[in-house]
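Have a look at the picture first, and then we'll go over what can be read from it.

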Amino acid sequence: MFELLGDLWGFMRERKKFWLAPLVAVLLLIGALVIVAQFSTVAPFIYTLF
């Protein structure tokens, strides 16, 4: 996983596509939120956000 993020950062730095960084960060946060919601008792509260 960390190798993938390192390769992605190298791509963004080399090609000057830093606008991808916020997009990747938001996707990672949403993915983490979904994973936490599946295994937690706070799931009903998280699902009300969407």
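You'll find L33 in helix α2. Keep in mind that you are looking at a predicted model.

A43 itself belongs to helix α3, which covers residues 43-47. A43 counts as buried, since its relative accessibility of 11% is under the 20% cut-off.

**The overall picture**

How many helices and strands does the protein have? There are three helices and zero strands. Going from the N terminus, the order is simply α-α-α. The radius of gyration is 15 Å, while the globule rule gives 10 Å for 50 residues, so the protein is more spread out than a compact globule. The C-alpha trace spans about 40 × 20 × 5 Å along its principal axes. As for the inside, buried residues make up 10% of the 50 residues.

**Two helices side by side**

Now for the pair at the start of the chain. A handy bit of background: two packed helices are described by the angle between their axes and the distance between the axes. Here, helix α1 (residues 2-15) and helix α2 (residues 20-38) have axes that come within 10 Å and cross at roughly 155°. That angle makes α1 roughly antiparallel to α2, because anything over 145 degrees is counted that way.

Which residues of the two helices meet? On the α1 side they are L5, L8, F11 and M12, and on the α2 side L20, A21, V24 and L28. Sort the residues of this contact by type and you get eight nonpolar, no polar and no charged.

**An aromatic pair**

The structure also holds one aromatic pair. W9 and F18 form this pair, with 5.8 Å from centre to centre and 55° between the planes, and it counts as tilted. Are its two members buried, exposed or partly exposed? W9 is partly exposed at 41% relative accessible area, and F18 is partly exposed too, at 39%.

**Out in the open**

Next comes the loop between α1 and α2, where K16 lies. Its backbone has something to point out: phi of K16 is near 60°, a positive value in a residue other than glycine. K16 is exposed, with a relative accessible area of 63%.

F2, found in helix α1, is exposed as well, at 76% relative accessible area. How far apart are the C-alpha atoms of F2 and K16? They are separated by 21 Å, and the two residues are 14 apart along the chain.

| Residue pair | Separation along the chain | C-alpha separation |
|---|---|---|
| F2 and K16 | 14 residues | 21 Å |

Note on methods: Residues numbered from 1 in each chain as written. Predicted model: local features only at pLDDT ≥ 70, side-chain atom pairs only at ≥ 80, totals over all residues. Heavy atoms only, no water. Axes fitted to C-alpha atoms, helices over the stretch in contact; angles between N-to-C directions. Helix = DSSP H or I, 4+ residues; strand = E, 2+ residues; numbered from the N terminus. Parallel < 35°, antiparallel > 145°, perpendicular 65-115°, else oblique. Contact = heavy atoms within 4.5 Å. Nonpolar A, V, L, I, M, F, W, Y, C, P; charged D, E, K, R; others polar. Phe/Tyr/Trp six-rings, centres within 6.5 Å; stacked < 30°, edge-to-face > 60°. Buried < 20%, exposed > 50% of the residue type's maximum accessible area, 1.4 Å probe, protein only. Rg over C-alpha atoms; globule rule 2.2 N^0.38 Å.
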